[in-house]
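Here is a short report on how one protein chain is put together. Keep the sequence and the 3D view open while reading.

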Amino acid sequence: MKRNILITALIAFLFIVATPLMAADFNLQDGLDKFIHEMAFFSFFTAEGWKSAVMLGIGCFLLYLAINRKYEPLLLLPIAFGMLLTNLPGAGMFHTDLWNNDFLNPDSPYHHDYMHILTEGGILDWLYIGVKGGIYPCLIFIGVGAMTDFGPLIANPKSLLLGAAAQIGIFATFLVTQIDFFGFTPAQSASIGIIGGADGPTAIFLTSKLAPELLGPIAVAAYSYMALVPVIQPPIMRMLTTEKERKIRMSQLRTVSKKEKIIFPIVVAIVVSLIIPSAAPLIGCLMLGNLMKESCVVDRLSDVVQNALNNIVVIFLGLTVGATASAEAFLNLQTISILCVGIVAFGLGSASGILMAKFMNLFLKEKINPLIGSAGVSAVPMAARVSQDEGRKADPRNFLLMHAMGPNVAGVIGSAVAAGILLSFLS
């Protein structure tokens, strides 16, 4: 009986489809020819088709790293899939020319015309408006703030210097890449330098403002190096410290009161925003999220920004950032140089924090373990855990995690401040 029902349904379906085709005098052969020639497979055999194939391969490799190796999977997975979508020939989900030739071109009649994007663009073009407007990074910073405990920083304000020192990698990279050999503009150098802060949302925020044409490779570099913190940092830490320094034990941090934790985000938001207005979007959102958490009066809002909102924004941000990594924008020598310079910037940031701790020890009666200086980069909490692991290797009874969290959360503030400084100078 089931067989009869299936046969009857198939005949009815063919009748429904065939009736309008016959009425319209439809030529089946022409339709099939058109369908076959419009298949995207033929695009791979054109002069530029190999580039799309290579980008699809790179996207699959990044998916492997995210899924199998668990390298920052929350963002690397949607970024990699966004790369796949934007490099599918004929899919039309993201249009690089629409942004570069129309929206970003001062001579175009569609300069900064979002309605033109909504009318002519694909789904990823629409979502990319949130990146271009700086919406997604700021929303993520609200969630980051709600998940951050500034207690270790408040208990040991000296760790703020370590977080600030770790930003030297950003500015050193900016200055070095201004050499003619690299061929970067000041805006591009600033966007590449921010990789040294190991802060993905900040890197995306600054790059989308100063050098959107480099957003794809810079985002991939930033999140890749964040995931590789346990690989990159330990050799630098061991090279710049002695075994005696790695064994330094630090006294337990004092207990921070609830009042201090509530006052801290308010004061930081006001002071930093008055000094560096360009940093206000990131710092303001970061401190808003933290105040939600510490005030304990908006638990539902705090839960939403930590979970639901943050997860939704991460999906949109990852997909659209990955979409900017088209074959034309990614497969060139400039991308290779960005990846190379980016890892140097990250290494310089880690080294600067360690060297600052060693310098401070020249004047401090109670010594700082220099290992916590490397946590001044904004890879929370991974960099702090690496400091803890290296300290335990030298002395199994040494506990550095809470001490390392001070410069680690200071690095979040520091990278946002550095981005604000660069933005105010170059925008």
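At what angle do the axes of helix H15 and helix H23 cross?

## H15 against H23

The axes of H15 (residues 229-240) and H23 (residues 382-394) cross at roughly 45° and come within 10 Å. Axes here are lines fitted to C-alpha atoms, for helices over the stretch in contact, and angles between N-to-C directions run from 0 to 180 degrees. H15 is therefore oblique to H23. The classes are roughly parallel (under 35 degrees), roughly antiparallel (over 145), roughly perpendicular (65 to 115) and oblique (the rest).

H15 contributes Val 229, Pro 230, Gln 233, Pro 234, Met 237 and Arg 238 to the contact, and H23 contributes Met 382, Ala 383, Val 386, Ser 387, Glu 390 and Lys 393. Contact means heavy atoms within 4.5 Å. These residues divide into 7 nonpolar, 2 polar and 3 charged. Nonpolar covers Ala, Val, Leu, Ile, Met, Phe, Trp, Tyr, Cys and Pro; charged covers Asp, Glu, Lys and Arg; the others, Gly among them, are polar.

## Basis of the model

This is a predicted model, where local features need pLDDT of at least 70, side-chain atom pairs count only at pLDDT 80 or more, and totals for chains, interfaces and linings use all residues. Residues are numbered from 1 along each chain as its sequence is written, and side-chain values use heavy atoms, with hydrogens and water left out.

## The chain overall

The chain has 24 helices and 0 strands. Both are DSSP runs numbered from the N terminus: helices are H or I with at least four residues, strands are E with at least two. Of its 427 residues, 50% count as buried. Buried means under 20% relative accessible area, exposed over 50%, partly exposed in between (1.4 Å probe, protein chains only).

Take contacts between residues at least 6 apart in sequence: 75% join residues at least 24 apart.

H18 (residues 280-295) packs on H24 (residues 401-426) at about 155°, with the axes 8 Å apart. That angle makes H18 roughly antiparallel to H24. Leu 282, Ile 283, Leu 286 and Met 287 of H18 meet Val 412, Ile 413, Ala 416 and Val 417 of H24. The contact has 8 nonpolar residues, no polar and no charged.

H12 (residues 186-193) and H13 (residues 200-210) cross at roughly 170°, their axes coming within 9 Å. H12 is thus roughly antiparallel to H13. Ala 187, Ala 190 and Ser 191 of H12 touch Leu 206, Thr 207 and Leu 210 of H13.

## Cysteines

The structure holds 0 disulfides (cysteine sulfur pairs within 2.5 Å). Cys 60 is partly exposed, because its relative accessibility is 44%. Cys 296 is also partly exposed, at 45%.
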